[in-house]
Structures are given as C-alpha cells and as structure tokens.
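User: Hi, could you walk me through this structure? I'm new to this, so please take it slowly.

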Amino acid sequence: MLKTQLKLLLFAFFTLLLFQNFMCVTSDSKEKLNNDQNKESTKVSSPVKDSIQNKPNTQKMDSTSNKFPNLEKDAFKLHYDAIVIDTHNDILMPVFLEGADLTQENAGTQSDMVKWKKGGLDVQVFSIYVPERYKSNHFKYVMKLIDKLEQTAADYPDKFFLTSDYNELTNALGQGKFCGLMGAEGGNMIEGSMENLETLYSRGVRYLGLTWNTSNAIGVSAQDETERGKKGGLTEFGVRVVQRMDELGMLIDVSHLGETAFWDVINTSKNPIIASHSCVYSLSPHYRNLTDDQIKAIAKSGGYIGVNFYCKFLDPTASTNQVQSIHSKYKHDLKSIEEQDGDDMVKFNEDRYEYLADNKMRGGTSIDKLIEHIDYIVKLVGVDYVGLGSDFDGGVYTPNELYDATCYPIITKKLVEKGYSEQDIRKILGLNFLRVFKQVCGK
Ligand SMILES: [Zn+2]
C-alpha cells in the first residue's frame, strides 16, 4: 500500500515538474542585446481583484484643472486621478507563447491587468509583435494575436475595453474603464504588401514601428545600420507605406528605425511622428536611442517620445544581474506591506515609497535615470512631447524601483520632487500621447 502511495506521489511530483518546465519556456528576448533570458515563470497566482477597481478615480477627463495644490502631499492621489498611458508593452508574447493570462496576476510577468490597476494605468498600447522564429508566417501570426486580444476584451467587458477610436477611448476613460490600443512592431509583418498594411489598420492597429532590429522591405533598422554598416534608408516601398499610413491615419513609429530611414520619414510624412519606446542618446549612447536632432525633429512634427524603462538604454553601466536580485528583494519585502494596506493604493504607495527610500540598493539603475531622460527631453524641446513607453515584458530589466507595472506611481512622485507642475505631470503621464493620437488617428 505504502509503495503504491509512494509511486503516486512520485508520479505527481514529476508531472508537476514537467508542467512547470512547459510553463517556464523563455520568451524571445527583444530588447536585450546579450543572451540573458527572463527565467521567471508565468504561473498564475490569483484572480483579478474587483476591489482594485475602486481606486480613487473614476472620471478621467477632468484633466485641465489643478486639483492638487499640495503636490508634495498628494502626488499619489494625482497619479490615480491622471490619465496614465503606456505606449509600448509586450505582454502578448508571454500570453501567446507561454500561457500567461492577461486578466490574472502572473507571478512571472512584469505586467497584467491586476498590476496595471494597482499601478493606476488607464491605457495600454499593446505591441503586436512577431518573434523572429515565426519569420515565414508573419501576417497569419499577427491576425491570431489580434483575435486573441479581441477575445479577451469580449470575455471581460467589465475589465477591459479594446478600441482604436479616439472618441470611444475618451468615453471609456470617462467611465473609469481600463482601455487597450494596438500598435504593431516590425514592418516585416506586412510582408511587403500594402493590402496587409490596410488590413492591419482595419483590424484596429494604430501605429506601426517600421522596423524592429532587422531591416525589411520598408527600410533599414538602427541595429543593421549601426552594427552591420548596412546602407540605405526607406525603400521606395517604404516611402509609399509612410504616405499610405498618413492617409489612413496611422501613427509612424520610429523606435528601432535606422537614422537614415528616420530622416526619410521626417521628409516624407506630413503627420506627427512617434517613437513609442526610445530614450536619449546624449545620456546613453545606444543605437536604440534618439539623438538631440532626432528629438527636435519629432517635436517639430508635433510628435511624441515614450521613454523606454530598459535599464541598458537608460544607463550604459547598468548591471542586469544586480537589477534582478534587487527586484527579488523588493518584491519579497513589499509583500507584507501590500497585504497590510489592502486596497488603499495611496497608502500602499506612501508606505512603499518610504520603504524604497530606506532601502536604497547599490548597483542596478535608479529610477532617477529614467527621470533624467524625461527631464532632458523636456529641457530640449518642452514638456509636450514626452511620455512613458515601458517595454514591460519585452525582455527588459527595469530600474531598481520599477520592478513591475504596479510601480508607475513612483514616477509621478519623482516628477513632483523634481519640481514638475500638476499640468506638466498630466501631460507626461498621458495627455501628450492622447493629443497625438487624436490628431493622427482621431479623424
Ligand atoms: Zn522594441
């Protein structure tokens, strides 16, 4: 009898082990240049807490008045009151490839609907991205990805509103709903076909990153131009793609694009240009970052730059290993504070901020670097052209204090400490992108 029980136990143990291995398949590393992989699993740990929806804000359109005269005291209240938009996130990769659940709290992902609610995020632009290994069936894969996201929106109408329309978006924000937009990353997915571009638009995709790290029929990527000396900018087809995107009302995303192609875009497009997830080259010389001239050209077009949270783009000296261990410590230590504060997100943020100030860690990269990049853009071109493009779940290691998507409020607090006004903070958190989205896509 004992033997049978032992056998059963062993069987259960090995089945569990196999299942865990299946769940731990690592994602295609996107932004990482070295071979370190995100080894965290994507196990589902708890359901969406409806109570988190009872955060302090419900009306999201009252954005022009100064509601909080004492910002030092009310930084976190401002955060939950403001419209917060993130213009680049790769959660669909772990969802599609590893079985992560968008609607649940996943132990191994940086973002999901539970974390976004806690972090006060109102709009997530989902990156529609095809991993390199699916090179042969790009467009088919993209259609499936969009189907999956649409199905999630249909299954959870109370929690998630997926749209491509400016008026629908602002109405939903007014009702306090969490909203999703779609942006595509890597023009190779249209497989050299204008018809596929138009299908992308008709399916609701509202920006297209013309290249990812690899060049394609549209143009030359930043990585190919810088690391492989590849010449050329936009191809003839690329010029026609840009013109067609202008006509359709689709945002042109220049993150990942080579500099020659960038200037071709500036000379071709009549619309504001965006970089959905890029940082400042002058502060951190990496080919994925934007030079001062590029930042000025984007601002001149009336465009937008979502600052990427990846520590290697923010700070060339950052150690990803140190960041990983700091994040583990923070997440572990903060669990009890979160439990103790329950659903009071303002109180939790105050306690978390105090904990982070008392437990500063050496190594990694501080959130102050991210603030430096935002501040640099503001000083160079003004406050109207910058926002947040985290790149969460795109294989990026983020600054020490920004260990996952619950941490957006810390950025608001830091901007307050830096002396930013309520209106300027609202612009950075979401209104800048909303303005460009309205201008280009809101026809
Ligand atoms: Zn990217």
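User: Okay, how many helices and strands does the protein have?

Analyst: This is a predicted model, and in it the protein has 17 helices and eleven strands. Buried residues make up 49% of the 443 residues, and among contacts with a separation of 6 or more, 74% are between residues 24 or more positions apart.

User: Let's look at E10. Which way do its residues point?

Analyst: Strand E10 covers residues 304-307, where Tyr304 and Gly306 point one way while Ile305 and Val307 point the other way, and all of them are buried.

User: Switching to helices: how do H16 and H17 pack?

Analyst: Helix H16 (residues 408-417) and helix H17 (residues 422-441) pack at an angle of about 150°, and their axes are 10 Å apart. Angles over 145 degrees count as roughly antiparallel, so that is how H16 and H17 are described relative to each other. Their crossing is right-handed.

User: Which residues meet there?

Analyst: From H16, the residues are Thr412, Leu415 and Val416, and they meet Ile425, Ile428 and Leu429 in H17.

User: What about H2 and H14, at what angle do they pack?

Analyst: Helix H2 (residues 71-81) and helix H14 (residues 345-358) pack at an angle of about 130°, with their axes 9 Å apart, and H2 and H14 are therefore oblique to each other. The crossing in which H2 passes H14 is right-handed. On the H2 side, Phe76, Lys77 and Tyr80 meet Met345, Val346, Asn349 and Glu350 of H14.

User: Which residues of H2 are buried, and what covers them?

Analyst: The buried residues of H2 are Leu71, Ala75, Phe76, Lys77, Leu78, His79 and Asp81. The elements covering the buried residues of H2 include H14, H16 and H17, and H16 and H17 are the helices we described above as roughly antiparallel to each other.

User: Last topic, the loops. What is phi for glutamate 191, and where does it lie?

Analyst: Glutamate 191 has a phi near 50°, which is a positive value in a residue other than glycine. Glutamate 191 lies in the loop between strand E6 (179-185) and helix H7 (194-202).

User: And how is glutamate 191 classed: buried, exposed or partly exposed?

Analyst: Glutamate 191 counts as partly exposed, because it has 17 C-beta neighbours inside 10 Å, and a residue needs 20 or more to be buried and 12 or fewer to be exposed.

User: What about aspartate 391?

Analyst: Aspartate 391 also is not a glycine, and its phi is positive at about 70°. Aspartate 391 is found in the loop between E11 and H16, and it counts as buried because it has 28 C-beta neighbours inside 10 Å.

Note on methods
Residues are numbered from 1 along each chain as its sequence is written. This is a predicted model: local features need pLDDT of at least 70, side-chain atom pairs count only at pLDDT 80 or more; totals for chains, interfaces and linings use all residues. Helices (H or I, at least four residues) and strands (E, at least two) are DSSP runs, numbered from the N terminus. Axes are lines fitted to C-alpha atoms, for helices over the stretch in contact, and angles run from 0 to 180 degrees between N-to-C directions. Angles under 35 degrees count as roughly parallel, over 145 as roughly antiparallel, 65 to 115 as roughly perpendicular and the rest as oblique. A crossing is left-handed if the near helix is turned anticlockwise from the far one by less than a right angle, and right-handed if clockwise. Two residues are in contact if their C-beta atoms, placed from the backbone, lie within 7 Å.
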